[in-house]
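Thanks for passing this one along. Here are my notes, in numbered points, to read beside the model.

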Amino acid sequence: MKYNSEIEKRKTFAIISHPDAGKTTLTEKLLLFGGAIQTAGAVKNNKIKKTATSDFMEIEKQRGISVATSVMAFQYLGKQINILDTPGHKDFAEDTYRTLTAVDSVILIIDSASGVEAQTKRLMEVCRMRNTPVIIFINKMDREGRDSFDLLDELEDILKIKVRPLSWPIGIGATFQGVYNIYNKELNLFAANKTKISEDVISIEDVNDPALDEVIGEAPAETLREELELVEGVYDQFDRETYLSGEVAPVFFGSAINNFGVKELLEAFLDISPSPIGRETSEGFVAPDSKNFSGFVFKIHANLDPKHRDRIAFLRIVSGKFERNKFYNHVRLEKKMKFSNPTSFMAQDKSIIDEAFPGDVIGLYDTGSFKIGDSLTEGPAFSFKGIPSFSPEIFMELENKDPMKSKQLEKGIQQLTDEGVAQLFIQQPGNRKIVGTVGQLQFEVISYRLENEYGAKCAFVPKRYYKACWMTTDNQDKLDAFIRAKSIYIATDKDDNYVFLAETPFLLQMAQSDYPEIEFHFTSDFKVGQEV
Ligand code: G4P
């Protein structure tokens with residue numbers, strides 16, 4: 001059946017890493033394999049310079065490019081591969097977390113010298129919340145890095161996931177000779193090569209074959225045998241089900257810049273990674289092959305040109321077939337909408353499409369109807385769960401600097417926060433606006449865009465909050481009492497949920513021990529989907 005084979009052939013995933021581990025490089029190599037780009041360096045432009053924290057114009061420029069490269073689709077070995085790009089800059093981490101709700105699996109890159117880093121840990125926490133299947137690629141094996149067993153231990157300890165090596169390195173840095181592919185029982189010999197995409201592969205079914213000694217030398221062959229024996233002794237056999245359920249992460253070693261280990265990673269990925277999977281909704285689980293179209297918005301991009309206020313909403317298709325010019329339910333607005341110019345994203349190109357299938361991400365032109373998390377459905381109306389807001393880390397009160405433009409400011413901040421640039425909390429009395437972000441950069445983005453797109457001027461006054469906590473309870477009276485007692489630390493989010501703005505970890509602990517009936521959450525995940 002054509003429809004099912006369309007679903008089967010799709011692989012929608014993201015590549016995630018701490019900045020500098022090699023995400024851009026690996027993405028580019030994958031695109032080269034897929035023939036989606038012809039030269040190295042093409043993706044590089046998309047990267048927001050890590051040092052340019054205050055160079056907002058740079059970001060503006062990059063934003064324009066990244067609309068096209070936010071989703072990179074290409075065909076390889078009969079599969080339709082959709083890579084969802086995630087921003088490299090840590091200040092845009094929340095954007096990355098939301099993008100992870102739209103993928104079916106991830107490839108996590110670790111720098112062999114640095115091991116698990118701060119951002120690696122946070123990204124994995126988000127993957128674990130959703131049991132997203134993870135493949136780990138240990139990169140930069142051409143450099144002096146850490147012992148492979150130590151790295152694997154660190155992955156298990158810190159990331160709290162079991163690992164299973166499917167390839168194994170022979171030496172490291174100056175002595176790096178290649179990897180033995182446990183999955184295919186092949187030996188890949190390393191040759192530094194930044195452009196070629198083929199690899200020298202020697203089939204070695206049995207590592208005790210003396211041919212191994214001839215190729216890599218006696219001592220390295222002996223070490224490899226010992227290490228492989230240890231691998232087999234320590235780690236459980238690879239089992240696809242435990243990978244698909246997010247319990248075990250298969251591990252590959254390589255060097256992205258040298259195009260080494262990339263092809264085997266990609267091919268194993270195509271073999272084992274999940275095809276589009278369904279999602280939980282307010283009306284139960286929706287499978288990709290269910291007849292009616294459904295999807296959700298996980299990202300909104302503003303138009304670069306201030307004269308055109310339209311935006312692009314990125315919609316992940318969960319089920320059914322999306323068709324151009326067909327009416328669908330915009331669930332939150334209880335409105336029928338059709339789209340005459342839906343776009344697909346092929347590497348650096350955008351083109352109008354007539355139909356799209358589960359796993360695909362399409363761009364919908366929007367003049368302000370969409371918020372992140374919105375659902376579109378055909379037939380019954382329901383909304384998707386699990387597009388969480390995470391507690392911001394930096395809080396500032398928004399001040400209006402031009403009283404004549406307060407309407408513009410109001411509209412601007414509403415729209416920018418709908419796009420997910422930052423979160424908005426309202427405090428009473430006086431409707432005070434507290435803007436929360438994960439990075440300093442967003443405040444620059446907001447004041448620049450408020451002024452350039454809405455003609456409003458603002459200032460930000462720092463607030464010393466540690467976290468915003470969403471609250472749940474079975475005891476409404478206690479929650480009401482808490483809200484009264486702590487009124488100066490209480491605000492409402494965009495969906496009118498109360499949040500507690502805790503000033504310090506200690507004050508949060510105090511609240512937890514004084515009000516054991518209330519549960520405090522650092523994400524809004526529990527509530528998404530209950531709004532309908
Ligand atoms: P990111 O997107 O995760 O932030 O990382 P990116 O791919 O930009 O890689 C970060 C740096 O690491 C780059 O060097 C890149 O060339 C280098 N790199 C990536 N893969 C490998 C590898 O397998 N081996 C080695 N030795 N280096 C690797 P840079 O100096 O920051 O940038 P550039 O001057 O190379 O552009």
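**Notes on the predicted model**

1. Of the protein's 532 residues, 55% count as buried, where buried means under 20% relative accessible area, exposed over 50% and partly exposed in between, with a 1.4 Å probe and protein chains only. The model is a predicted one, in which local features need pLDDT of at least 70 and side-chain atom pairs count only at pLDDT 80 or more, while totals for chains, interfaces and linings use all residues. Residues are numbered from 1 along each chain as its sequence is written, and side-chain values use heavy atoms, with hydrogens and water left out.

2. The protein has 14 helices and 31 strands; these are DSSP runs numbered from the N terminus, helices being H or I with at least four residues and strands E with at least two. Among contacts (heavy atoms within 4.5 Å) between residues at least 6 apart in sequence, 73% join residues at least 24 apart.

3. An open sheet of seven strands runs in the order β2-β3-β1-β4-β5-β11-β6, with mixed pairing; two strands pair if DSSP finds at least two bridges between them. β2 (71-76) and β6 (162-165) are at the edges with a single partner strand each, so one side of each has no neighbour in the sheet. On average, neighbouring strands of this sheet are turned by 30 degrees against each other, direction ignored. Within the order, β1 (residues 10-17) and β3 (residues 79-84) pair in the parallel sense over five bridges, and F13 stands opposite I83 in β3.

4. Strand β7 (residues 167-170) is joined to β8 (residues 178-181) by four bridges, and the two run antiparallel. S167 stands opposite N181 in β8. In a regular strand the side chains alternate between the two faces of the sheet. Here S167 and P169 point one way from β7, W168 and I170 point the other way, and all are buried.

5. Which way do α2 and α10 cross? The axes of α2 (residues 23-33) and α10 (residues 262-272) come within 10 Å and cross at roughly 75 degrees. That makes α2 roughly perpendicular to α10; angles of 65 to 115 degrees count as roughly perpendicular, under 35 as roughly parallel, over 145 as roughly antiparallel and the rest as oblique. Axes are lines fitted to C-alpha atoms, for helices over the stretch in contact, and angles run from 0 to 180 degrees between N-to-C directions. L26, K29, L30 and F33 in α2 meet V262, K263, L265 and L266 in α10. By class, this contact has six nonpolar, no polar and two charged residues, with Ala, Val, Leu, Ile, Met, Phe, Trp, Tyr, Cys and Pro counted as nonpolar, Asp, Glu, Lys and Arg as charged, and the others, Gly among them, as polar.

6. The buried residues of α12 include F443, V445, I446, R449, L450 and Y454. After α12 comes G455, with a positive phi near 70 degrees. A456 lies in the loop between α12 (441-454) and β27 (458-463), and its 1% relative accessibility is why A456 counts as buried. Leaving aside neighbours within four places in sequence, A456 is in contact with K405, Q408, L409, L450 and E451. A456 and D402 are 54 residues apart in sequence and 6.8 Å apart in space, C-alpha to C-alpha.
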